[in-house]
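Trainee: Could we go through this one together? I'd like to hear what stands behind each label.

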Amino acid sequence: MTDTAAAEILADVHRGVGRILLNRPTALNALTTGMVAAIDRVLAEWEHMPLSAVVLASTSTKAFCAGGDIRTIREHSLAGDAEASERFFASEYRLNARIAAYPVPVVSLIDGVCMGGGLGLSVHGGFRVVTERAVLAMPETGIGFFPDIGASYFLPRLPGAIGMYLGLTGHRLDTADALYSGLATHFVPAGGLDAVPHALADHPDDPVDVVLNRLAGRSPVAQSGLAEVRADVDWAFGAPSLGEIEKRLRQLDTPWAASASAALESASPQSLEITHALLARGRQRTLRECLAAELALTRTTIRTPDFLEGVRAALVDKDRTPRWQRASSGGRTLPS
């Protein structure tokens, strides 16, 4: 672990509860290879300790984790350093798998932005607590990439066609939508978030679910906008092909459908094709199979013009006007 990575990850154990804090606030806790390795090492060290829970949180109120450090991945690609990119994705996915199989409950406290790799840290654990400031998304198709970190496992397992909708459009979920979709499991107001580790330590023999419910405020799930359009989401995004999804959205002719259509139109065509194929297969794969398929896809995707252009437009020049390759999928490597 480098000194920098150590400073960006703070870890301690207090009264039987392990706590890992993401501490790279200026970058919204965007994950570097060093940070991923540091978290993985801490969790490995704690595996044989008699802990009642592990809490993942952030030192920032703006973000739990905005995702992987994709700008650096683009720099590796431009420099022809495939090995550095491979090291990042392989270690990140290994961490996702460790969290999913962890021997004690993993509780993520999501306050602010949680996207991409942030969901990889949280969703594979059993408990995802959100505050009123939470914003969750898998926005990868907008940068020429695809939903990874095991998203091809967890998105297809969300109710109905919600996962396909989120994966293709990158739609941002507020707190109510996150709870409605199941990506979040509990609501605790931001002012009560610091009490969670203490409550878990105070009641080590109580089920984590019970401890979190004692701290919960009135859930905002009844205000879910996603719930209001659920029937349309399931009909449109449950279609068997991208072309049919787009056709059904046009037929709906509603404000929600127009917004979803605009999101698809602005995304990378290559990313949409890869994502649709990946998520369609994901429901029949194990998490490890999904992560292996995603790792194989990263090797080709990060070298494509759409990825280099998408990251440039979103994160480097920030002009938000990517010029996508509009060719058909011939010659592209789609997931098998």
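Trainee: Why is His276 called buried?

Mentor: Buried means under 20% relative accessible area, exposed means over 50%, and partly exposed is in between (1.4 Å probe, protein chains only). His276 has 11% relative accessibility, so it counts as buried. Bear in mind that this is a predicted model: local features need pLDDT of at least 70, side-chain atom pairs count only at pLDDT 80 or more, and totals for chains, interfaces and linings use all residues. Residues are numbered from 1 along each chain as its sequence is written, and side-chain values use heavy atoms, with hydrogens and water left out.

Trainee: What is His276 in contact with?

Mentor: Contact means heavy atoms within 4.5 Å. Leaving aside neighbours within four places in sequence, the partners of His276 include Met164, Leu168, Pro240 and Ile245. His276 itself is found in helix α15, residues 269-282; helices are DSSP runs of H or I with at least four residues, strands are runs of E with at least two, and both are numbered from the N terminus.

Trainee: How do you know that Asp202 and Arg15 meet in a salt bridge?

Mentor: The rule asks for a side-chain nitrogen of Lys or Arg within 4 Å of a carboxyl oxygen of Asp or Glu. For Asp202 and Arg15 the N to O value is 2.8 Å, a salt bridge. The pair links distant parts of the chain, 187 residues apart: Asp202 sits in helix α9 (residues 195-202), Arg15 in the loop between β1 (9-14) and β2 (17-22).

Trainee: What about Glu83 and Arg87, what makes them a salt bridge?

Mentor: Their closest N and O atoms are 3.7 Å apart, and that pair forms a salt bridge. Both lie in helix α4 (residues 82-100), four residues apart, about one turn of the helix. Glu83 has 59% relative accessibility, so it counts as exposed, whereas Arg87, at 46%, counts as partly exposed.

Trainee: Why does the pair of Arg299 and Glu86 tie together parts of the sequence?

Mentor: Because Arg299 lies in helix α16 (residues 287-301) and Glu86 in helix α4, the pair ties together parts that are 213 residues apart in sequence. Their side chains meet in a salt bridge at 2.8 Å, N to O.

Trainee: How many salt bridges does the count come to?

Mentor: By this rule, 15.
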